[in-house]
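Please give me a briefing on this predicted model. Keep it short, and group the points by topic.

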Amino acid sequence: MSAEKKTITLNMGPQHPSTHGVLRVKLELDGERVVTAEPIIGYLHTGIEKTMESMLYYKAIPATDRMDYLAPMSNNLGYCLAVEKLMDIEVPEKVKWARVCLVELTRVASHLVWLGTHSMDLGAMSMLIYAFRERELIIDLYEACGGQRMMTSYIRIGGLASDLPADFEKKVRNIIKTIREKMKDYDKLLTENPIFIMRTKGVAVISAEDAINYCLSGPMLRGCGVDYDVRKANPYSGYENFDFDVPLGKNGDAYDRYLIRMEEMRQSLKIAEQAIDGMPEGPYRAHVPGVVLPPKEDVLYKMESMIFHFKIITDGFKAPVGSVYQAIESPRGELGFYITGDGTNIPRRVRVRPPSFVNLGALPILTEGYLLADVVCAIGSIDIVLGEVDR
Amino acid sequence: MKEILTALGRIFIRMPIGMLVVLKHLFKKPVTLDYPRKKKPMAPRFMGRQYLERYDDGSERCVSCGLCAAACPADCIYMEPAENEKGERYAKVFEINLLRCIFCGFCEEACPEEAIFMGHHYEFSADNRDSFIWTKEDMLVKHPRKDNPFKTLFRRVRKVYGVGEKKG
Amino acid sequence: MSEVVKEKITAVDTVTCTIDGQQITVPRGTSVFDAAGQIGIVIPAFCNHAKLKPVGACRMCYVEIEKMPKLQVSCATMATDGMVVSTNSQQVREGRKAVIEFTLINHPLDCPTCDKGGECDLQDLTFDHGYDDSRFGFDKMRFIEEEKRDTFDDLKIGPEIVLNRNRCILCYKCVRANKEAFGEYDIGAFERGDLTEINATPGGEVSNPFSGNLVEICPVGALTNSDWRYKIRVWLTKTVPSICNFSGSGTNITFYKEDHKNFVYRVTSRCNDAIDDGWLSDITRYGYQIVNSESRLKTPLIKKGGKQVKASWDEALAVIKKHMGQIKDQSGGVCIGGLISPSLDNASLYSFSKLFRTVFKSNNIDFRGDYRYLPSVTDSLFTIAASQPFSISDIEKSDVIITFGTDLIREHHNEYLKIRRAVNFYNSTVYSVNPYAVKTADIAKSEMVYSPGTDELVINGICLVAIEKKLVNSSAAAKLKSKISKLSPGVLAKLTGLSKEQFEELAEAISSAKKVTFIVGEIVARSLDRDKICAALSNLNKLFGVQDKGQLAVLSRYANSKGAQKLGLSATPYEIVKDELKKIWGEYPDCQPRNTDAMINLMKKEEIKGFITVGANPMRLYPDRSFASEGLEHVDFLVACDMFETETTELADVVLPLCSWAEYDGDYINLEGKVQTGKQAIKPKYESKAAFEIMELIARQLGAKLFENEQVKNEEIEKLLKLDSVLPWPDDFLKIEYEKKSSQDGYPVPLFICDDPHHSGHLTEKSPSLLNFSDSAYVELSKGLAAKIGVADGDPLRVESPVGKIVVPAKISPVLNSDVAIIPRNFSSTQTTSLLMRKKRVDSVKLTRVEE
């Protein structure tokens with residue numbers, strides 16, 4: 001080490017409670033001030049993109065669950081929309097509405113986890129317990145729909161895995177009601193809490209210009225006042241039919257992002273409510289011979305259905321030659337799937353644009369010049385999921 | 001001055017309001033369960049580990065067609081078909097490696113004989129790897145399910161009329 | 001012919017039509033289906049097969065043709081001039097959908113249990129062209145066997161074939177292939193309307209030597225085989241291209257294996273139009289089972305105190321080092337001999353030759369362990385005849401095909417089918433000239449059965465008649481006449497048991513043919529007087545100019561016989577091969593060359609003390625069992641490498657387990673001289689090693705090194721294969737002496753030892769499926785002879801020759817019509833070769849009934 005060097009290097013992670021996974025941040029510290037913070041990733045690399053490239057199209061769905069494990073439905077939806085775009089499949093109206101409802105509840109669940117962990121990082125212990133208590137309701141809904149609590153794989157190419165459960169509407173309404181109620185408590189606990197404000201206001205600031213240059217998306221981008229939301233900009237799955245606002249921040253600091261996420265949860269509940277109110281009747285799967293599985297009842301009685309079932313399961317379907325990009329607004333930002341089909345039954349290339357990964361790139365700017373303790377707040381306010389960053 | 005007032009207001013008014021929320025919870029019933037003494041009922045569609053179904057006459061439904069293994073994204077199903085004394089196909093070996101299984105339920109969806117289904121059992125920890133390989137004996141249900149949604153299916157499903165009689 | 005007329009003919013011969021907007025010119029008589037195929041338009045079909053005549057049974061290949069009101073089946077519609085075809089119009093698509101819908105009305109929902117699932121044409125075409133929903137809710141029809149009401153619908157209709165009539169879509173492919181390609185009639189269609197069923201002929205079973213093909217071409221799971229039954233799903237397997245190891249033609253096959261298991265699951269064809277048309281014999285299809293056999297040699301064995309005990313490779317090699325080293329040092333390498341199987345690959349054969357010639361400095365090697373008393377003469381006429389070029393695809397281009405001294409269905413399955421194809425599709429004329437009636441005769445224009453042992457006289461007769469009739473060049477005729485004119489055609493006819501007219505017929509056929517194929521087979525090759533017969537063939541060739549307008553060759557029997565010749569594996573290799581070897585090695589042993597017969601003779605005199613057999617089983621196959629066993633028992637130190645325990649390995653001091661051909665990459669040269677590669681499908685099972693590895697190990701034990709690396713070995717082999725190995729016929733006509741052979745008194749019936757139609761060599765009896773076809777030896781007789789002896793089919797019969805005696809069941813042959821007996825040599829339970837004498841041209845036996 002040269003004599004002039006006054007900074008010290010500190011490794012935060014890869015085993016650190018506030019890194020939300022296995023992230024290593026290499027910090028250069030001048031006293032307690034951060035000079036540079038370099039995120040080092042790859043500790044959770046699972047090769048999901050490569051795995052998806054070696055599988056039949058329909059088999060890759062469970063792999064998407066495991067990227068952003070806090071918002072599995074969003075990942076399912078992004079992938080399925082991309083494949084549907086590639087295969088040129090139009091799904092039934094009911095599927096669209098059900099998907100919107102589920103994805104918006106996923107946003108709430110994801111934000112609740114973020115809220116709990118972020119506030120716990122900043123010292124608010126009970127928030128975690130409350131947030132997880134409410135999230136449990138949404139997880140229960142997943143279980144009732146797809147049978148799994150986290151890795152749902154419920155949204156499928158051309159529709160849903162199975163029809164919505166009978167008490168779906170009741171459950172969703174209960175969730176909306178309960179969470180709206182509880183959000184008042186969260187406000188009381190955090191929004192005006194002086195400690196929370198001191199820890200977050202003016203911390204981890206990023207300018208709108210920087211945010212755009214760093215390709216940030218989601219609350220990270222909207223926190224700086226940039227009005228960009230994929231649901232409004234490029235509506236998918238029938239979002240154009242829903243009435244909702246996109247909350248925007250002013251300062252681009254951690255507190256603004258907190259406010260935006262809180263508002264997003266309210267908006268999501270609003271969308272979910274609209275979806276459940278206006279849910280049309282209809283099939284839960286598109287009728288696309290050779291791509292979407294025929295109904296199970298037919299498979300047991302009709303030879304044609306048996307053959308189609310058999311062939312789809314064993315050989316999958318052949319996608320046309322071409323590339324598609326489909327982005328959705330995941331809780332963390334723009335989640336994009338880029339899929340190249342080569343005429344065979346497995347994709348040539350699957351590329352995921354993970355919002356967490358891109359947003360994490362802004363960590364050096366967010367932390368430069370702040371105190372060491374603020375790094376925790378910065379990481380938390382990005383809302384990263386390392387499973388998605390490393391894939 | 002205004003800022004100081006706001007700050008003071010927050011400390012003396014807002015914080016106690018927050019504290020009150022926490023305090024209220026002291027008198028509420030806990031939402032947590034006393035697991036494992038108390039268990040939460042699982043949703044009807046819950047996907048625990050796999051079972052193999054029987055026909056009403058007690059014979060195995062599984063014909064070892066391999067569709068579940070083909071659909072499995074984790075490649076956790078291994079089977080070896082064989083011929084029984086009636087000339088029918090059955091699974092001589094049927095194994096699921098639960099360490100690989102991701103409980104996605106694709107096998108249940110793929111099964112054309114309604115043989116494999118995901119049960120509600122989710123507690124199967126063990127202290128050695130071998131005991132996670134579930135064999136056919138472990139998975140076959142003792143009695144056919146009561147709430148089988150495809151109860152209407154007859155054996156082999158096929159409604160047929162014979163021509164053996166006509167030919168005499 | 002003037003240019004104008006020529007042009008006219010070509011103009012008439014082709015037609016130009018438009019298919020899907022593309023113009024194409026095809027020869028007249030081409031179906032629309034094939035014409036579309038030529039420009040890459042695939043029309044879906046169930047019943048069409050490239051190697052069979054169209055029948056138009058499935059109606060799947062509908063196309064729309066302008067000016068025709070209804071859809072037409074493209075496989076049975078010939079393309080005509082100006083035809084405008086569309087293969088993918090709305091109407092065509094609807095038509096296909098309807099056809100599939102009808103096909104599926106009575107199709108059972110068997111996909112989960114059906115072995116065809118995953119490679120089923122019906123599934124694929126339904127998936128690609130059919131509706132995804134059914135409109136027929138009524139009950140499906142099902143065939144019910146009275147006594148099998150409770151069991152599954154599968155019927156076993158042959159040793160290896162299982163039929164499920166419910167799945168059948170009546171494309172008649174199996175019936176047609178059986179009839180048109182294989183000339184068998186053991187499967188047929190019965191009843192009418194919706195009761196139509198494919199079944200074995202009443203009371204019979206489907207057991208022809210090509211029955212496995214019926215399963216392979218079945219577009220649905222109606223015909224499945226027991227071998228592949230409920231074994232594994234096809235999508236879990238991987239395919240490896242390889243070559244058949246049981247026949248001389250090098251039929252192309254595909255191995256099916258799985259990644260996690262060291263196991264070959266099945267063999268299917270890999271259609272190579274130049275060789276095999278996609279048909280496999282059952283030997284090829286089921287013979288692979290020996291690879292998986294549990295009874296394979298697992299470890300090396302060494303003899304300790306008179307008993308063979310398991311040993312490690314190191315121990316076995318140490319024993320070889322000790323004994324072989326001792327023999328080499330004390331008595332010299334010339335006291336070591338070796339015999340290798342001609343079914344092994346080039347690398348193994350070449351390593352074997354190099355081991356003997358450079359390490360032992362001995363010329364005692366051979367690869368023809370089943371040819372009796374083969375004298376060691378360089379460039380013998382037999383060697384010349386065997387080296388002649390031959391092309392399998394030229395068979396069907398020939399208008400006259402003569403099979404001489406060959407029972408094709410027992411020796412050359414592939415050529416057997418090629419000849420059938422030539423007759424059925426190209427109107428060739430076949431003459432079958434054999435010492436006994438053979439199966440090929442049913443397509444022959446005339447069948448000629450001559451008395452056994454008079455082969456060269458038949459050829460002479462043909463030549464003489466041709467000279468008489470002035471069918472040939474007179475100067476050549478005069479030259480030949482001086483050599484063979486001692487006997488007149490009339491006398492020859494008497495001696496051979498043929499008539500003069502038959503000679504005339506053959507002579508006229510050969511001389512008038514535009515292209516002729518003259519196939520000579522194992523009956524000649526195994527004959528003691530093979531050189532004499534080949535001399536007669538040489539005369540015939542010269543007289544008629546057969547090779548100028550066709551081909552004449554003795555076909556090589558084993559997978560790599562040709563390679564063995566080219567690499568100099570016989571004791572006396574071709575001169576050019578010898579020179580090349582000298583050049584490569586820088587040395588060549590100058591000691592006396594000795595072939596199998598000479599070596600066994602010297603063993604008895606204890607002049608050969610060490611002997612190595614690789615994949616060869618002289619004890620079973622050498623046509624004088626007592627001679628071979630006496631010799632091998634005298635050997636001081638016998639090393640036997642084989643896949644299984646055989647009669648030879650039982651005598652061995654050291655037994656080394658050998659790899660099968662599925663376990664390493666190897667090059668094989670088929671009877672055309674074409675080099676083909678068989679790829680490694682699985683890792684060597686147990687502790688077995690490939691022959692070339694074993695040779696290298698032995699050489700290293702003895703302080704030498706065969707090859708620095710793989711590349712050197714391949715380069716050396718490459719050099720040898722480049723040599724032109726066709727030997728020239730003698731320039732002059734040859735004199736052929738006729739010796740009158742006195743027939744053995746009291747042994748009236750001539751005996752022929754050959755392969756069973758379902759077996760080949762000594763290994764296939766380890767394949768369970770082939771044993772289902774035939775599992776033990778028998779003596780095949782004509783109906784007349786059986787009646788004479790008073791035996792019925794299956795009765796035990798005592799077969800006595802001057803040197804041996806065996807008891808085997810009688811089998812009445814449907815084709816034999818003269819007094820001969822045929823016994824297969826493939827079963828270890830019957831010591832067939834013990835009946836033979838090594839210096840006898842025609843073995844004869846006495847057949848007597850075994851009294852109860």
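I612(C) sits opposite V639(C), a residue of strand β25(C). In this predicted model, the strands β24 (residues 610-614) and β25 (residues 637-642) of chain C run parallel and are joined by five bridges. Both strands belong to an open sheet of seven strands in chain C.

**The sheet in chain C**

- The strand order is β16-β15-β26-β25-β24-β17-β18, and the pairing is mixed.
- Which strands stand at the edges? They are β16 (307-310) and β18 (365-366) of chain C.
- Each edge strand has a single partner strand, so one side of each has no neighbour in the sheet.
- K361(C) is not a glycine, yet its phi is positive, at about 55°.
- Most residues other than glycine have a negative phi.

**Helix α5 of chain C**

- Helix α5 of chain C spans residues 173-181.
- Its buried residues are K173(C), C174(C), A177(C), N178(C) and A181(C).
- Why do they share a side of α5(C)? They cover an arc of only 130° around the axis, which puts them on the same side of the helix.
- The partners they pack against include three strands of chain C: β9 (187-190), β10 (197-200) and β11 (223-225).
- Helices α6 (212-217) and α13 (413-426) of chain C are also among the packing partners of these buried residues.
- After α5(C) comes G183(C), with a positive phi near 65°.

**Chain B as a whole**

- Chain B has five helices and six strands.
- Along the sequence they follow the pattern α-β-α-β-β-α-β-β-α-β-α.
- Of the 168 residues in chain B, 29% are buried.
- Take the contacts in chain B between residues at least 6 apart in sequence: 75% of them join residues at least 24 apart.
- The domain assignment of chain B gives domain 1 (1-31) and domain 2 (50-139).
- The centres of these two domains of chain B, taken over C-alpha atoms, are 56 Å apart.

**Backbone details in chain B**

- Is the peptide bond from Y35(B) to P36(B) cis or trans? This bond is cis, with omega near 5°.
- Most peptide bonds are trans.
- P36(B) is placed in the loop between α1 (2-26) and β1 (50-52) of chain B.
- E114(B) has a positive phi of about 55°, although this residue is not a glycine.
- The loop that holds E114(B) runs between α3 (106-110) and β4 (116-118) of chain B.
- E114(B) counts as buried because it has 21 C-beta neighbours inside 10 Å, and the cut-off is 20 or more.

**Where chain A meets chain B**

- How many residues does each chain give to the contact? Chain A gives 27 residues and chain B gives 28 residues.
- On the chain A side, the elements that give two or more residues are α2 (61-65), α5 (125-146), α6 (168-191) and α13 (303-315) of chain A.
- By class, this side of chain A has 13 nonpolar, eight polar and six charged residues.

Note on methods:
Residues are numbered from 1 along each chain as its sequence is written. Chains are lettered from A and ligands numbered from 1 in the order in which they are written. This is a predicted model: local features need pLDDT of at least 70, side-chain atom pairs count only at pLDDT 80 or more; totals for chains, interfaces and linings use all residues. Two strands pair if DSSP finds at least two bridges between them. Helices (H or I, at least four residues) and strands (E, at least two) are DSSP runs, numbered from the N terminus. Two residues are in contact if their C-beta atoms, placed from the backbone, lie within 7 Å. Ala, Val, Leu, Ile, Met, Phe, Trp, Tyr, Cys and Pro count as nonpolar, Asp, Glu, Lys and Arg as charged, and the others, Gly among them, as polar. A residue is buried if 20 or more other C-beta atoms lie within 10 Å of its own, exposed if 12 or fewer, and partly exposed in between; C-beta atoms are placed from the backbone. The arc is that of the directions from the helix axis to the C-beta atoms. Domain bounds come from an automatic or database domain assignment.
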